[in-house]
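Let's walk through this protein together, from its overall layout to its rings and pockets. Keep the picture in view as you read.

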Amino acid sequence: MIADIHHARDAALHEIEQAPTLDAIVALQARLTGKRSELALLKTGLGGLESVDERREAGRVLNEAMDAVVEALARRREALESEALDIRLAAERLDLTETIGRPRRGHAHLVTQAWERLEDVFVGMGFQVAEGPEVETDWHNFEALNMGEGHPARGEFDTLFVDHVPPGGRAGSTVLRTHTSPVQIRTMLAGAPPIYIVAPGRVFRRDTPDATHMPVFHQIEGLVVDRGISMAHLAGTIDAFTKAFFGQDFSSRLRPSYFPFTEPSAEFDIQLPNGQWLELGGCGMVHPAVLRAGGIDPEEWSGFAFGFGIDRMAVMRHGVGDIREMFSNDIRFIEQF
Ligand code: FA5
């Protein structure tokens, strides 16, 4: 009897040791510890033993054997559970070192980069940064800039109007600013000369998008008002700026032009190292009527102003073929800069 019990116990322990899965353990538990298990059947045979001592001894060994089986089942279940957990953790593991080792950082948009660099260059030349609103009055955007109502130059700016009538104003007198030049007026009215400011900002025109035009684009305005300012100061400033912003292999030229708010006026072009010319903006000596609109006496003060397209500068600086590329939000393009 004792030998049978040991045999049954050893066979059970061996099976448990070999159990490959948790499901197998569940099945073994029923088979090795249930009512029809070999040990349970041996128990029913206890009554057949002759002496009380023999029965007691066999009963003790049987209980020990059952305890050993139950304990072995628990141990094997625990081992299999921890194995399963390891496997799941390995499968769900995120390799954080992939991002830590090679971080994918974003960067500022090309136009923002150019905008910030322009500010840096001009601040380095002693200018302060000013700003004005994108929704402007007709007066600041046109009238004070020597473009009264019906002035033909207004036709140059394909204006977007805002459906807003200010108190005491008239319909059609609120516009999306067509250029940054109204900041000239706001700056002059806000303080007294000497004035050395640049004003970068977003401007709007009903222009059809093409390789060099966008309906929403960016300009940087410059305004200097001081005693004895001449065209030579303007030319020198633009030359210094061109070299600082684009590099020594870029050159610039001024072409005679016309703007109602400057007299004389010029167009400012720059030349790429490959020889191609691009118009970047307009400039000139601030018109006396504009100084007066800004509350400044033209007999005492003179000044120059310029307004450049920031988007076109970014295009030039990076050799982008088409201005629209910068606003297509194509990550393959944007990531190159
Ligand atoms: C002006 O807007 C004047 N306010 C500039 C100025 C300021 C002259 C101060 C004199 C004194 P213009 O319309 O030419 O000028 O525009 C200036 C520059 O803005 C252009 O040379 C060009 O670089 C850029 N620009 C104009 N229209 C667009 C457009 N649709 N898309 C992108 N850039 C443009």
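## Two domains

The C-alpha centres of domain 1 and domain 2 lie 90 Å apart. Domain 1 covers residues 2-92 and domain 2 covers 110-334, with bounds that come from an automatic or database domain assignment.

Residues are numbered from 1 along each chain as its sequence is written. This is a predicted model, where local features need pLDDT of at least 70, side-chain atom pairs count only at pLDDT 80 or more and totals for chains, interfaces and linings use all residues, while side-chain values use heavy atoms, with hydrogens and water left out.

## Aromatic rings

How many aromatic pairs does the structure hold? There are 15, counting rings of Phe, Tyr and Trp (its six-membered ring) whose centres lie within 6.5 Å; planes under 30 degrees apart are stacked, over 60 edge-to-face and the rest tilted. Phe122 and Phe127 make an edge-to-face pair, at 5.3 Å centre to centre with 70 degrees between the planes. Both Phe122 and Phe127 are buried (under 20% relative accessible area, with exposed over 50% and partly exposed in between, using a 1.4 Å probe on protein chains only). Ring pairs also join these two into a cluster with other residues, including Tyr196, Phe241, Phe245 and Phe308.

## The largest pocket

The largest pocket holds about 670 Å³ of space. On a 1 Å grid over the protein atoms alone, a pocket is an open set of points where a 1.4 Å probe fits, with protein on both sides within 12 Å along at least five of seven lines; lining residues have an atom within 4 Å of a point. Of its 34 lining residues, Arg205, Gln219, Phe259, Glu267 and Glu279 are the closest to the centre.

Which strand supplies the largest share of this lining? That is β8, with six residues; strands are DSSP runs of E, at least two residues, and helices are runs of H or I, at least four, numbered from the N terminus.

## The second largest pocket

The second largest pocket has a volume of about 170 Å³. Its lining includes Ala211, Leu272, Arg312 and Ile323, and α11 gives the most, with three residues.

Note on methods. Grid points are joined across faces, edges and corners, and a volume is the space filled by probe spheres set on the points.
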